[in-house]
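Student: I'm new to this one. Please walk me through it feature by feature, and tell me how to read each thing as we go.

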Amino acid sequence: LARKYPNMDWRDVSDLVYGQRKHPTTNELIPSSEFGTEVHKRLQELVECLMDGKEPEDRSIWDDWARPFMGWLKEKDVTPYCAERIVSCDKVKIAGSVDFIGRWPNGNFFLADYKCRSCNNDIPKFYDKDCAQLAIESYFLKQELELDHLPECISVCIDTDSAKHHHKMWKAKEVQSGIRVAKLCAKLYWETRM
């Protein structure tokens, strides 16, 4: 990309690595990271309003991408616990920010992570790294809250084109593998960095 755009600022070249998306109102191309940040921000606002028993004060241009998750929460009778919570572990020496923590009707916790991605032919994109990220955060939350269960992990792929949401519940064996992978990555990182 740097060779293709030799006069472009390096920050703008960096943004192109992850692609661009059309802004909902201006149709101007913006970095995909900016698109995702705005959707995450709106989801946090909506979840916090729900937790406070309030209606959002205004409509947002990002509602089309955020509201399907709110409908899913209602449909599944989920009680929000928090949005955008930092979890960490001194032993593993990493931390992560969980997009959403909720409770099923039976009281068990689960974590959800939003990913804004383009889904060609309505086929969502989920990756093993998505699971590893959620899995280690679930492991940390279990420790922090001293839970008797490992919270389930759900990746939410938000189609940047259609605004449709796709949910993937990671299987228990995938979550356990994700925990091992994250711990090994952390160990390798600290071994090579130190």
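This is a predicted model: local features need pLDDT of at least 70, side-chain atom pairs count only at pLDDT 80 or more; totals for chains, interfaces and linings use all residues.

Tutor: Let's start with a pair of residues: Gly-102 stands opposite Phe-110 in S5. Residues are numbered from 1 along each chain as its sequence is written, and side-chain values use heavy atoms, with hydrogens and water left out.

Student: In which sense do S4 and S5 pair, and over how many bridges?

Tutor: Two strands pair if DSSP finds at least two bridges between them. Here S4 (residues 94-103) and S5 run antiparallel, with four bridges. Besides the pair I opened with, Phe-100 is opposite Ala-112 in S5. The hairpin of these strands has five residues between them, and Gly-107 there has a positive phi near 95 degrees.

Student: How many bridges join S3 to S4?

Tutor: Nine, and those two strands are antiparallel as well. Four residues separate S3 and S4 in their hairpin, where Lys-93 in the turn has a positive phi of about 65 degrees.

Student: What about the other neighbour: in which sense do S5 and S6 pair?

Tutor: That pairing is parallel, with eight bridges between S5 and S6 (residues 152-159). Lys-115 has Cys-157 in S6 as its partner. To get from S5 to S6 the chain passes through H4, making a right-handed β-α-β crossover. Right-handed means that, with the strands pointing away from the viewer, the path from the first strand over the helix to the second runs clockwise.

Student: Where do the residues of S5 point, and are they buried or exposed?

Tutor: In a regular strand the side chains alternate between the two faces of the sheet. In S5, Phe-109, Leu-111, Asp-113, Lys-115 and Arg-117 point one way, while Phe-110, Ala-112, Tyr-114 and Cys-116 point the other way, and all are buried. Buried means under 20% relative accessible area, exposed over 50%, and partly exposed in between, using a 1.4 Å probe and protein chains only.

Student: What joins S6 to S7?

Tutor: Five bridges do, with the strands antiparallel. One of the pairs is Cys-157 with His-166 in S7. The hairpin has five residues between its strands, and Ala-163 in the turn has a positive phi of about 70 degrees.

Student: How should I read a positive phi?

Tutor: Most residues other than glycine have a negative phi. Ala-163 is a residue other than glycine with a positive value, and it counts as buried because its relative accessibility is 9%. Glu-84 is also not a glycine, and its phi is positive, near 55 degrees. Glu-84 lies in S3 (residues 79-89) and counts as partly exposed because its relative accessibility is 26%.

Student: Where is Lys-164, and what is it in contact with?

Tutor: Lys-164 sits in the loop between S6 and S7 (165-169). Contact means heavy atoms within 4.5 Å. Leaving aside neighbours within four places in sequence, Lys-164 is in contact with Asp-122, Cys-157, Ile-158 and Asp-159. At 39% relative accessibility, Lys-164 is partly exposed.

Student: Last topic, pockets. Which residues lie nearest the centre of the largest pocket?

Tutor: A pocket is an open set of points on a 1 Å grid over the protein atoms alone, where a 1.4 Å probe fits, with protein on both sides within 12 Å along at least five of seven lines; lining residues have an atom within 4 Å of a point. The largest pocket has 17 lining residues, with Tyr-18, Ser-32, Lys-115, Cys-116 and Arg-117 nearest its centre. H2 (32-52), S5 (109-117) and H4 (128-145) each give two or more residues to that lining.

Student: Which element gives the largest share of the lining of the second largest pocket?

Tutor: H3 does, with four residues. Both H2 and H3 (63-75) supply at least two residues of that lining, which includes Leu-46, Pro-56 and Met-70.
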